[in-house]
Amino acid sequence: MRLLTHNLLSSHVRGVGPRGFPLRLQATEVRINPVEFNPDFIARMIPKVEWAALLEAADTLHLIEVPKEPIQGYEHNEEFLRKMHHVLLEVEVLEGTLQCPESGRLFPITRGIPNMLLSDEETET
Amino acid sequence: MASRGRRPELRGPPELYYDKNEARKYVRNSRMIDVQTKMAERAVELLCVPEDKPCYVLDIGCGTGLSGDYLSDEGHYWVGIDISPAMLDEALDRDTQGDVILGDMGQGIPFKPGTFDACISISAVQWLCNANKKSDIPAKRLYRFFSSLYSVLVRGGRAVLQLYPENSEQLELITTQATRAGFTGGVVVDYPNSAKAKKFYLCLFSGPSTSIPEGLSEDTEEEKPAESTFTAKRIPYRIARRGVVRKSREWVLEKKARRRRQGKEVRPDTQYTGRKRKPRF
């Protein structure tokens with residue numbers, strides 16, 4: 001699971017609603033995977049990124065060189081975009097857990113796949 | 001893929017149907033791969049995303065990532081969600097470029113609002129129509145799915161869902177829930193006259209209403225349907241006749257005018273036309 005996906009995932013446990021975000025990440029196994037750089041896509045995803053959550057996740061994974069905030073004119077700043085590309089798309093969490101901030105429910109991550117299945121009582125109707 | 005006997009959806013829940021054996025079929029069988037890829041191609045075509053613009057796409061029921069691979073080939077980035085661990089294991093082995101999540105679409109899509117530019121689904125949504133646990137109510141699960149999908153799409157985002165509805169009631173159930181969730185759109189049917197090639201694509205738009213594309217058909221010179229088109233030419237005349245009382249002077253004059261319009265021979269109108277006669281008549 002890449003950090004971009006983690007940044008956009010939200011808990012859908014019953015009663016949680018908009019407070020189900022961001023999911024707290026704990027990782028025991030991480031892998032770096034090279035991915036082709038596409039500046040258009042990164043530039044378009046920057047507005048959707050939640051920076052506090054991204055910084056917290058990057059901190060947990062002990063990543064270096066993470067931009068603290070979007071800089072002015074980021075669409076044309078290739079260095080900034082490359083750094084964001086590395087953080088968002090090239091870092092993969094293979095084993096770990098995601099925790100819902102409101103309900104405390106843990107979603108395990110195995111082999112890079114987060115398990116978001118809910119039980120009957122937890123499902124919103 | 002529909003099997004020879006009963007529909008797979010009637011045999012049990014999808015997480016049990018799509019076991020290791022079935023998952024292997026999706027990876028090894030070239031015909032299966034071909035069909036799934038073609039449907040993914042058509043779904044992306046119906047999405048009408050602008051060219052050369054990489055999008056963030058949700059793939060519902062991504063399975064082994066066949067449709068996801070097509071999305072990657074087109075330069076898009078995607079996230080897949082599927083309920084079967086066996087299928088997702090195969091997706092891992094195939095080293096897909098998108099992330100996959102183990103989840104049940106009937107419980108809702110666990111993403112922030114406005115995450116995805118578009119969504120596709122190949123042969124998955126019909127699984128929501130069958131209740132596999134006593135606590136399942138298909139209409140509720142469908143509504144939960146569609147309302148959460150509406151939320152995770154950006155405003156004006158599109159979803160194209162290829163599915164195999166069992167009958168027209170099932171299709172109507174699905175479209176009703178989609179409309180309740182706020183979607184507009186319609187169903188595109190490809191090759192409606194062929195039993196095997198017929199495919200249903202539910203095209204949903206989360207923004208203002210746009211026209212849906214035409215379905216593919218075998219005969220390229222499409223004849224217009226055999227019904228005549230409606231024109232309102234005769235309505236003024238009908239209204240002219242509605243107000244008059246039968247057998248009155250106006251009625252007689254209107255009738256004579258009508259017959260003149262029809263080209264028949266009519267006596268000229270005089271002061272005696274439609275005159276009240278003595279009760280003797």
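I began with a charge over a ring: the charged end of Arg180(B) sits over the ring of Tyr143(B), 4.3 Å from its centre. I count a charge as over a ring if NZ of Lys or CZ of Arg is within 6 Å of the ring centre and within 35 degrees of the ring normal.

A note on the ground rules. This is a predicted model, where local features need pLDDT of at least 70, side-chain atom pairs count only at pLDDT 80 or more, and totals for chains, interfaces and linings use all residues. Residues are numbered from 1 along each chain as its sequence is written, chains are lettered from A and ligands numbered from 1 in the order in which they are written, and side-chain values use heavy atoms, with hydrogens and water left out.

**Entry: helix α7 of chain B**

Next I looked up helix α7(B), residues 168-180. Helices (H or I, at least four residues) and strands (E, at least two) are DSSP runs, numbered from the N terminus. This helix has 13 residues and reaches 18 Å from its first C-alpha to its last, close to the 18 Å expected at 1.5 Å a residue. The expected span is 1.5 Å times one less than the number of residues.

Which residues of α7(B) are buried? I found Gln170(B), Leu171(B), Ile174(B), Gln177(B) and Ala178(B). They cover an arc of only 130 degrees around the axis, which puts them on the same side of α7(B). The arc is that of the directions from the helix axis to the C-beta atoms. An α-helix has 3.6 residues a turn, so residues three or four places apart point the same way.

I call a residue buried under 20% relative accessible area, exposed over 50%, and partly exposed in between (1.4 Å probe, protein chains only). On the face turned away from the buried side I noted the exposed residues Ser168(B), Glu169(B), Glu172(B), Thr179(B) and Arg180(B). That last one is the arginine whose charged end sits over Tyr143(B).

What covers the buried residues of α7(B)? The cover includes α6 (138-152), β5 (153-163), β6 (184-190) and β7 (199-205) of chain B. Contact here means heavy atoms within 4.5 Å. Just after the helix, Gly182(B) takes a positive phi of about 110 degrees.

**Entry: aromatic pairs**

I searched the whole structure and got 13 aromatic pairs over all chains. Rings of Phe, Tyr and Trp (its six-membered ring) pair if their centres lie within 6.5 Å; planes under 30 degrees apart count as stacked, over 60 as edge-to-face and the rest as tilted.

Trp51(A) and Phe80(A) form a stacked pair, 6.4 Å centre to centre with 25 degrees between the planes. The pair links distant parts of the chain, with Trp51(A) in helix α3 (residues 51-60) and Phe80(A) in helix α4 (residues 78-90), 29 residues apart. Both Trp51(A) and Phe80(A) are buried.

In chain B, the ring centres of Tyr18(B) and Tyr26(B) are 6.0 Å apart and their planes lie at 65 degrees, so this pair is edge-to-face. Tyr18(B) is buried at a relative accessible area of 10%, and Tyr26(B) is buried at 6%.

I also logged one aromatic cluster formed by Phe41(A), Tyr56(B), Tyr77(B), Phe111(B) and Phe116(B).

**Entry: Leu66(B)**

Leu66(B) lies in helix α4 (residues 66-73) of chain B and is buried, with a relative accessible area of 9%. Leaving out residues up to four places away in sequence, it touches Tyr26(B), Ile33(B), Gln36(B) and Arg94(B). I also checked Ala40(B), which is 26 residues from Leu66(B) in sequence and 8.3 Å away in space, C-alpha to C-alpha.

The peptide bond from Phe21(A) to Pro22(A) is cis, with omega near -5 degrees. Pro22(A) lies in the loop between α1 (3-8) and β1 (24-32) of chain A.

Asp95(B) is not a glycine, yet has a positive phi of about 55 degrees. I placed Asp95(B) in the loop between α5 (85-93) and β3 (99-102) of chain B, exposed at 58% relative accessibility.

Lys247(B), also not a glycine, has a positive phi of about 75 degrees. Lys247(B) is in the loop between α8 (235-242) and α9 (249-261) of chain B, and counts as exposed at 57%.

**Entry: chain B as a whole**

I listed nine helices and seven strands in chain B. Its radius of gyration is 29 Å, well over the 19 Å that the globule rule gives for 281 residues, so chain B is more spread out than a compact globule. The radius is taken over C-alpha atoms, and the rule is 2.2 Å times the number of residues to the power 0.38. Along the principal axes, the C-alpha atoms fill a box of roughly 100 × 45 × 40 Å. Buried residues make up 46% of the 281 residues.
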